[in-house]
Amino acid sequence: MTWPMLFGVLSLMSFQLVDSIFIGQLGRDPLAALGFTVPMQQLIIGLQVGLGIATTAIISRTLGAGDETRAERLGGLVVFIGGGMVLLLVGLLWLSRYPILKGLGAEPGLMPLISSYWIPWLGAAWLGAMAYFGYSVCRSHGDTRLPGYMMVATSLVNIALDPLYIFVFDWGLPGAALATMTSFTVGILGVYPKLLKRGWLRFDLSALALGPAVRQLGGIMAPAMMSQLMPPLAASLATALVAGFGTAAVAAWGLGTRLEFFSIVVVLALTMSMPPMIGRFLGSGDIDRIRKLVRIAVRFVVVWQLAIGLVWLVLSGFVSDLFTADASVTTVLHSYLVRVPLSYCGLGVCMLMVSVCNALGLSMRALLVSVLRLFLCYLPCLWIGSQIGGIEGLLSGALVGNLAAGTQAYLFYRQGMVKLRTAVAEPA
């Protein structure tokens, strides 16, 4: 179940990197505009992933109980609610764009460029969320291949259209978002007809007890969504801190964040494939197999992410020159790659523990792990580092903060497992 999601998520991250390379050729201001967009992008993704977690949990449990018709109607409910919620969010972001960007520290001269980019970008964000909800319904039914294939297909379309829209049609920065809109439309046209043909989506919601269904969905979605919304909130605060060091620092930070998404792709795939396995073990009361599975995953993540960090360290000079010709941006990006990727092992463990806790039904513990990671470890270390050593100190603070976050997340998971084992043993 992991491999299709690995290639799918890897392809999504790849097209975002290609986007960054093309946008980098447009100059520093478009890169900075992209950097200010990242926190809002994470906000939208947090909302859709939170709902996706609830979708996988509820529909898979319903299927396990043998009620296929209810599972199909729950799929329709998820698409309906999710589409409405994301549409409302992107509308609010557009109406509030000037106060948001001002709060993030955007320079007034960047506002027209960012506004021209946000119109198609917000449209792409809504289309991407709709495609994601379709993928979530597929995963709930045990099919990870269709979502994986569609992620690869949409990414290839996006990569092919980027140079055409940005340079040939001369649409510039908005062209990158228009290419993404086109590719996500392809994804929607690919997944939803399949879902309807298989009977995995039903929209006769009047036959579904809407009150209990929405409460069941919200009971898992709310804390899971809050867990997912913590990173974009922290990203907004981190971007505001970085903005104090100038436009070049924001541009480099935005590029570094995209490289981070790419670097943790294996962890993201694991967070999608492990919950159904954990759910089955939990349903059978086999806590020992859960512990063994998580232990193997944690060890793998630590070794893998350390290796990724060393690769970025070795290639830091080459990669910095590849993404931008602006010397000031290159300098900061090089400093980022030398420091921050070495902490991705801690970040990966933290992400894995949030996913595991949600799968175990410990959604409030997952939320607590997210909150402590960002507001006890990460952001304080960024601020302290910036006060001590400027932008390089801030980047060193990111290194320390991620490592500390991974440690505390694993300790919280261990405590939760002790309580869960006791709860499972008591009825027996």
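The lining of the second largest pocket comprises 10 nonpolar residues, 1 polar residue and no charged ones (Ala, Val, Leu, Ile, Met, Phe, Trp, Tyr, Cys and Pro count as nonpolar, Asp, Glu, Lys and Arg as charged, and the others, Gly among them, as polar). The model is predicted: local features need pLDDT of at least 70, side-chain atom pairs count only at pLDDT 80 or more, and totals for chains, interfaces and linings use all residues. Residues are numbered from 1 along each chain as its sequence is written, and side-chain values use heavy atoms, with hydrogens and water left out.

The second largest pocket holds about 160 Å³ of space. A pocket is an open set of points on a 1 Å grid over the protein atoms alone, where a 1.4 Å probe fits, with protein on both sides within 12 Å along at least five of seven lines; lining residues have an atom within 4 Å of a point. The volume is the space filled by probe spheres set on the points. Among the lining residues are L6, F262, W304 and W312. α11 gives the most, with 4 residues.

The following helices (DSSP runs of H or I, at least four residues) each supply at least two lining residues.

| Helix | Residues |
|---|---|
| α1 | 2-24 |
| α9 | 247-263 |
| α10 | 265-283 |

Helix α11 (residues 287-323) also packs on α13 (residues 344-359) at about 150°, with axes 8 Å apart (axes are lines fitted to C-alpha atoms over the stretch in contact, and angles run from 0 to 180 degrees between N-to-C directions). The two helices are therefore roughly antiparallel (angles over 145 degrees). Their contact (heavy atoms within 4.5 Å) includes V294 and W312 of α11 and Y344 and V356 of α13.

Technical notes: Parallel < 35°, antiparallel > 145°, perpendicular 65-115°, else oblique.
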